[in-house]
Amino acid sequence: MLIMTQRFFRKYAFLSILILVLAGSTGSLLRFALVYGMPSGWGEIRHVIHAHSHTMFGWTILALMALIWHQLPQITGRPLPRGVKWQMAATFFFSLLQLPAFWPNGYGVTEIGSARMPLGAISAGFAGLTWFWFMGLYALAVRGVKNHSLVLRLWNGAVILLFIASLGAMAEPVLLLMKIDSPFIKHLFLHLFLDLFTTGWLLLALFGALWSLWDQEPSAWLPTGLMAIFIFPTFLLGMPPDLLPPALYWVSAIANVIVAIFIAIHLRQFILHRRGLPLLVKFGFLGLVVQIGAAWMLLIPSVWRWGIGALRIFYLHNMLLLWTSSVLLGLLLLRFGSQSALWRRWIERFWILGVSLMWLSLLASGVSPWLPISGRFFMILAAWASVIIVFAAMLALRPFLPFRSSHEDPLN
Ligand code: HEM
């Protein structure tokens with residue numbers, strides 16, 4: 001059994017943000033490449049998009065694991081299981097490896113000397129294995145715990161959804177090796193992974209990390225397990241409309257509205273408890289407001305069909321960048337960052353400016369056919385906004401240095 005020091009968590013907060021900087025720089029390169037084309041010899045856009053998105057998932061998962069491992073001993077009253085140190089090191093290594101592994105050929109094969117290997121699929125497979133390792137250690141850490149607090153119930157639901165999403169992720173390389181080409185099966189597993197990871201694991205785990213900030217649970221009823229159950233079918237809404245039978249569309253669209261109501265119940269309580277919350281967390285709540293509004297709009301089949309094409313990237317980055325990344329950054333700085341208010345203020349200003357600009361430009365480029373300004377203008381704006389986001393993420397590395405600081409957790 002293991003007791004982790006503040007130094008350990010500062011190090012992993014730093015390393016997760018380092019991944020954010022590298023994957024964000026790749027995303028920024030892509031934003032420019034989508035307007036001006038990829039510089040020759042820099043790779044193919046579609047492969048680099050895989051490198052960007054897989055590595056970005058590494059940022060969110062490593063940061064969340066650090067937050068969960070930090071709080072779990074207080075909730076369970078037990079030290080962490082052995083192996084957490086190695087699991088975190090492995091998750092960091094394989095998350096980062098996805099960037100060079102996917103860049104040259106995406107899921108295709110890369111030649112190294114005389115060998116031909118699907119490097120991207122292999123690295124994604126290893127990264128996925130470290131997630132299963134995390135889930136196994138988590139199950140060990142909470143086994144037999146009597147106290148089923150709100151935070152623990154949310155994290156249990158999150159880990160179950162991560163398990164299901166990871167099966168979807170592991171299916172990708174398996175389908176490739178088995179040469180299964182059915183578009184329905186491929187999209188089913190892709191969205192099982194992408195959507196359950198985003199609106200399942202990330203959402204519930206972040207809610208848990210947020211509720212762990214308060215010593216006392218709110219007296220109001222807050223959905224946990226039921227929320228996880230209703231989240232499950234919502235991944236079907238990500239499927240291409242021509243592949244999804246109408247009955248399944250209605251099941252997932254209605255479940256999505258119920259989830260939106262559950263999110264609104266949590267959000268209302270967060271707002272009532274907002275005093276002392278980091279600015280970046282409050283900013284991230286805007287992403288949830290959009291998610292709640294979108295769920296109602298998706299009840300109209302024609303809006304769903306249109307949005308899946310025109311607003312997919314906006315919607316994904318609303319949840320992954322505006323909501324998840326803003327809240328994660330706010331929580332990491334609060335839990336493990338130095339107390340320097342000056343650094344924090346500059347990080348917040350640049351992050352909020354960059355993310356707001358990119359968010360607005362992605363939305364505007366999706367609805368540009370109805371606007372008097374061309375979509376290309378908004379794509380250029382999104383590209384420059386992404387530079388500001390990456391700059392903010394670089395600034396956010398500083399408050400975690402040096403790792404060996406005597407800084408105490410401000411909330412404990
Ligand atoms: C600096 C911030 C970011 C920038 C500049 C950026 C940029 C991009 C670009 C240019 C694309 C391709 C868009 C297209 O196909 O039209 C993309 C796709 C994507 N990004 Fe980001 N992104 C950022 C942050 C994030 C974050 C924080 C995450 C996840 C945690 C993320 C996950 C994804 C995913 C899942 C896709 C879709 C991949 C696919 O279609 O297969 N991005 N991003």
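Colleague: Which residues are the closest to the ligand, and how many surround it?

Modeller: This is a predicted model, in which local features need pLDDT of at least 70, side-chain atom pairs count only at pLDDT 80 or more, and totals for chains, interfaces and linings use all residues. Residues are numbered from 1 along each chain as its sequence is written. The ligand is surrounded by 21 residues, and G27, S53, M56, L320 and S386 are the closest. A residue is near a molecule if its C-beta atom, placed from the backbone, lies within 6 Å of it.

Colleague: Which helices each supply at least two residues of that shell?

Modeller: They are α1 (6-36), α2, α11 (312-336) and α13 (375-395); helices are DSSP runs (H or I, at least four residues), numbered from the N terminus.

Colleague: How do you know that the length of α2 agrees with that of a helix?

Modeller: The expected span is 1.5 Å times one less than the number of residues. For the 32 residues of α2 (residues 45-76) this gives 46 Å, and the end C-alpha atoms are 46 Å apart, so the two agree.

Colleague: Where does α2 bend, and what follows the helix?

Modeller: The bend, about 30°, is at H70, and the proline P73 follows within four residues. The bend is the angle between axes fitted to the seven residues ending at a residue and the seven starting there. After α2 comes G77, with a positive phi near 75°.

Colleague: What makes M4 partly exposed?

Modeller: A residue is buried if 20 or more other C-beta atoms, placed from the backbone, lie within 10 Å of its own, exposed if 12 or fewer, and partly exposed in between. M4 has 18 such neighbours and therefore counts as partly exposed. M4 lies in the segment before α1. In α2, by contrast, 23 of the 32 residues are buried.

Colleague: With which residues is M4 in contact, leaving aside its neighbours within four places in sequence?

Modeller: They are F9, W69 and L80; contact requires C-beta atoms, placed from the backbone, within 7 Å.

Colleague: Which residues of the largest nonpolar core touch the most other members?

Modeller: Among its 125 residues, they are A13, L62, W201, L204 and A205. Helix α6 (residues 183-211) contributes the largest share, 16 residues. Such a core is a set of buried Ala, Val, Leu, Ile, Met, Phe, Trp, Tyr and Cys residues joined through C-beta atoms within 7 Å.

How values were computed: Two residues are in contact if their C-beta atoms, placed from the backbone, lie within 7 Å.
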